[in-house]
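Hi,

Here is the structure I promised to pass on. Have a look at it first, and my notes follow below.

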Number of protein chains: 2
Amino acid sequence: MHCEYAQRAARAGIHVLCEKPMAVTDSECRQMIRAARQSHIKLMVAYRLHLEKANLRAVTIARSGKLGKLRMFNSTFTMQVRPGDIRTQRKMGGGSLYDIGVYCINAARYLFQDNPVEVSTFAVKGTDRRFREVDEMSGALLRFPDGRLASFVCSFGATDVSSYEIIGTKGRLQVDPAFEYVGPLVHRLTLNGETKTTRFPASDQFAAELVYFSDCIRRNREPEPSGVEGLIDVQIVQALYRSSAHRKPTLPGLRSASPNSFTRNLHLCKYAPEHHKQFPL
Amino acid sequence: MHCEYAQRAARAGIHVLCEKPMAVTDSECRQMIRAARQSHIKLMVAYRLHLEKANLRAVTIARSGKLGKLRMFNSTFTMQVRPGDIRTQRKMGGGSLYDIGVYCINAARYLFQDNPVEVSTFAVKGTDRRFREVDEMSGALLRFPDGRLASFVCSFGATDVSSYEIIGTKGRLQVDPAFEYVGPLVHRLTLNGETKTTRFPASDQFAAELVYFSDCIRRNREPEPSGVEGLIDVQIVQALYRSSAHRKPTLPGLRSASPNSFTRNLHLCKYAPEHHKQFPL
């Protein structure tokens, strides 16, 4: 659906802010990117956490060297979906990896500032009638360059949890909750055995996206969570499902990977959260 | 080394309390179990957390149904080992899965009260000179019956972390720290959006083991973390290393698995922690 509507908008000269996951397949993402380029419109993928302060601060900490050399990222994202929810419909791009696993994948990428080179997953279909068409739950391992590992588990059939931790040779940062847009997000930073807790009050993440996207259009700049950013995550999700189907680790084959596609993250700080308070929805 | 010494002790009629991991291979564990049976001595594997209150309480919560149907277990166990440490020597049974991964495996088993049916791992050798002989770090996925998943990451080359969480359809229990014997262990139990924190003061876990093992000898009872319990974990560790070597998920093939081998866990509560306070080392 995203692909068709994005292309129709592009043909009409309308800029596109597209929800995540960008589309269901690699091929659809490429068509969207091509359509945007041909029509000279802006295409942004709505990764709201790229404009959220707790996550941007986590990127700053990860980059700062405070944690030492980064070694691993672990994440859990679970919720209970209602029967018949769009997330449980295969033709609508349903499935736990597409809808919520993509947050874990994207977070591993913005914290490591890199892309995975090998992925493996165990998917669980379960016997719950809600999940006749899609996986209920998936556990994933992602190998990153420089001997770094990411692991996550995402589920549509468990109580609400949204968290990650990043662990280095010298320190650990836990963010829990990490992916919510209601209520505060919380950091627990442990260095030398001392833990410091920081609460980030809830902010309007969607307003920040809109303000930033408008700025990109008005100033003729490419949005930072670009089509390529969305494409890479979809390629990784597809690789994870292939790994599950073929019962073996898979190379995501990110032919489109631009290692610098998210190095501008920190420039977005100005949009989160103070800036958009002046522009309430 | 464990295998040789346990067999020599058995031949001399001496009871054996053996550190974890029980041995390096499935075959060694079986030899130890056979030797103990033939010599009518008691053989116990020193899983200190089977006699530790925070972990026993976690088992009680997991079994109680408070969390709903259990869906996943996630764990992190990391530390920095010194160069030349025995844990980095292959012939001494070194490697992160043998030494600390075994805690995560054992915890998943005592919390799920079950054994995994399929496992997958990504091992990291790294370029650090400490890890020329063994893996520095491993990430693992374990599939359990009834569509449950366990994931963990263990490392010898990262800051100190020892934690797990168990998530059900209705609640989440985090234990962090979970595997330490110095300092308190902490529960965070989240039900209906409310989180309750419980601190379990440090107790002498080793004294509890000795008192319990002595009782088993004096009363002629089989110790609960038996040789079979140790064997199953070694079989799983070997399956995880095979998965890494062959780059594919592996069936642990637990021919010796007794599903009831840890159902007596809760009887051990009386040894932890009040009981052994009367018997300080």
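To get your bearings, in which loop of chain B does B:H40 lie? B:H40 is in the loop between α2 (26–39) and β2 (43–45) of chain B; helices (H or I, at least four residues) and strands (E, at least two) are DSSP runs, numbered from the N terminus. I picked B:H40 out for its backbone: phi is near 55 degrees, a positive value in a residue other than glycine.

Some ground rules. This is a predicted model, where local features need pLDDT of at least 70 and side-chain atom pairs count only at pLDDT 80 or more, while totals for chains, interfaces and linings use all residues. Residues are numbered from 1 along each chain as its sequence is written, chains are lettered from A and ligands numbered from 1 in the order in which they are written, and side-chain values use heavy atoms, with hydrogens and water left out.

Now the interface. Chain A puts 44 residues into the contact and chain B puts in 44 residues, contact being heavy atoms within 4.5 Å. The area buried between the two chains is about 3400 Å², and carbon and sulfur atoms give 62% of that. Buried area here is the accessible area (1.4 Å probe) that two parts lose on being put together, summed over both. On the chain A side, A:F122, A:L141 and A:L149 lose the most area to chain B, together 21% of what that side buries.

There are 6 salt bridges between chain A and chain B, each a side-chain nitrogen of Lys or Arg within 4 Å of a carboxyl oxygen of Asp or Glu. One salt bridge pairs the side chains of B:R71 and A:E136 (3.0 Å, N to O). In the side of chain A that touches chain B, the elements giving two or more residues are β3 (70–80), β4 (118–124), β5 (137–144), β6 (148–155), β7 (157–168) and β8 (171–175) of chain A. The largest share of that side, 8 residues, comes from β7(A).

Next, some helix packing. In chain B, the axes of α4 (residues 96–112) and α6 (residues 227–246) come within 9 Å and cross at roughly 115 degrees. (Axes are lines fitted to C-alpha atoms, for helices over the stretch in contact, and angles run from 0 to 180 degrees between N-to-C directions.) Among the residues making this contact are B:L97, B:V102 and B:I105 of α4(B) and B:I232, B:I236 and B:L240 of α6(B). By class, the contact of α4(B) with α6(B) has 9 nonpolar, 3 polar and 3 charged residues; Ala, Val, Leu, Ile, Met, Phe, Trp, Tyr, Cys and Pro count as nonpolar, Asp, Glu, Lys and Arg as charged, and the others, Gly among them, as polar.

Chain A has its own α4 (residues 96–112) and α6 (residues 227–246), with axes that come within 9 Å and cross at roughly 115 degrees. The contact there includes A:Y98 and A:R109 of α4(A), along with A:D233 and A:Y241 of α6(A).

In chain B, the bond from B:D176 to B:P177 is cis, with omega near 0 degrees.

Cheers
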